[in-house]
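Visitor: Could you take me closely through one part of this model, the packing of its helices, and explain how each pair is arranged?

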Amino acid sequence: MRIRTMPAVAAGCALLLLTGCGAADMTKQASPFANARGARTVTLSVQSWVGAQANVAVAQYLLEHELGYRVDTVQVDEVPAWDALSQGRVDAILEDWGHPEQEQRYVEDKKTIVKGGDLGVTGHIGWFVPTYFAKQHPDVTDWKNLNKYAERFRTPESGGKGQLLDGSPSYVTNDKALVKNLELDYRVVFAGSEAAQITQIQQFAKEKKPFLTYWYTPQWLSEQVPMTEVRLPPYEEGCDADPEKVACAYPHTPLQKYLNADFARGGGKAAELLRNFEWTTEDQNEVSLMIAEQKLSPREAAKKWVDSHHSLWEKWLP
C-alpha cells in the first residue's frame, strides 16, 4: 500500500498474494483461460498488500458467481503492472496509489489504458511511531525532533543510526530522499514485504519497544497496533516532482482503478462491474482482517462479505 512513483492494507510465501514474497514481473504471463474457446474471461492484477487482495477477492467472487465469468489473478509489482495492463496481459488494476509517469505514458499518450474510476478509499503514506511511545514523548511526532530520538530507534540493521522501517523495496517510497534532504540521522531498512514488516511491528509492539516506520492507511494492522503519524513538512502540489529533492510529506491519494483500453471497450458486463466497484475503507478493512487475522482464504472472505452486503454490491451489477 500501498504504495506512487513520486499512497491498501500476513503469513509466509504459501500466501503469495498476501505476503508479496517472491513477487515477480508477470508482464509476459497471460490468463490460462485466454485461449479457452467461447470462455468469458477476466484477468486481474493483484498487488502484494492485503488491501489490494481484498479488492480483487470481492471483484473476482462477483464476476464468477453473479456474472458467470472465469477469472484469473496474477501478482505484479506496481510499475510492471502498468506495462502488463497496457499490453493486455491483465485487464484491470483495482488499487493504484498514483503513478503520474505511467498515467501520462499509457493513458494520455498511448491511450492503451483508461481510468476506471475511484475505488472509494483514500490512501495515505507517512511515518508513524507507536502511540504508546508518542504518549510518553509527544514531541517525537514533529520531524524536527526525530534526531533527538535516533538512538532510541537504533537496531542492529540500522548501523548506528536510527532505523526507519520500510516494507517492500518495490513499494512507492521517498524515504531515502527524505532522510537525506531533512538531514536526519536515520537509515531506511527494508523488511522485504508487507508481511515481514507487519511481523516486525507486532514484535516491537509486544515488547513495547519504540520504532519508526513507513506506514499507510487504510491498513488492518492499525486497529491492532495503534500508531501516531509523525508530521513531516507539509505536502504541496509538485513538492515530490523530483524524486531526489523530495523534502515534504506524502499526499492523501484517492485510490484509483484502471482498465486496459480494449477491455474497457469490449469487456461487456465485466468491465461495467469493475467501473462500478466502489466501497469504503471500512469495507476493505473488513475483508482484509478476515484474510490476515482470521486466516480465511480470499475466496472465503469475499463470500462472507458478499453475503452480508447485498445492498452495496447489487448496485455495482450491470
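Guide: A crossing of two helices is called right-handed if the near helix is turned clockwise from the far one by less than a right angle, and left-handed if anticlockwise. With that in hand, and bearing in mind that this is a predicted model, one can begin with helix H2, which passes H10 in a right-handed crossing. The axes of H2 and helix H10 (residues 268-276) cross at roughly 145° and come within 11 Å. On the H2 side the contact is made by Ala59, Leu62 and Leu63, and on the H10 side by Ala270, Leu273 and Leu274, so that by class it holds six nonpolar residues, no polar and no charged ones.

Helix H2 (50-65) is also among the elements that cover the buried residues of H12, together with helix H11 (281-292) and helix H13 (310-313). Those buried residues of helix H12 (residues 298-308) are Ala301, Ala302, Trp305 and Val306, and because they cover an arc of only 130° around the axis, they lie on the same side of H12. An α-helix has 3.6 residues a turn, so residues three or four places apart point the same way.

A further pair is formed by helix H3 (residues 78-87) and helix H4 (residues 100-109), which pack at an angle of about 5° with their axes 11 Å apart, and which are therefore roughly parallel to each other. Here Val79, Trp82, Asp83 and Ser86 of H3 meet Gln102, Glu103, Tyr106 and Val107 of H4, and the residues of this contact divide into four nonpolar, two polar and two charged.

How values were computed
Residues numbered from 1 in each chain as written. Predicted model: local features only at pLDDT ≥ 70, side-chain atom pairs only at ≥ 80, totals over all residues. Heavy atoms only, no water. Buried < 20%, exposed > 50% of the residue type's maximum accessible area, 1.4 Å probe, protein only. Helix = DSSP H or I, 4+ residues; strand = E, 2+ residues; numbered from the N terminus. Arc of directions from axis to C-beta. Contact = heavy atoms within 4.5 Å. Axes fitted to C-alpha atoms, helices over the stretch in contact; angles between N-to-C directions. Parallel < 35°, antiparallel > 145°, perpendicular 65-115°, else oblique.
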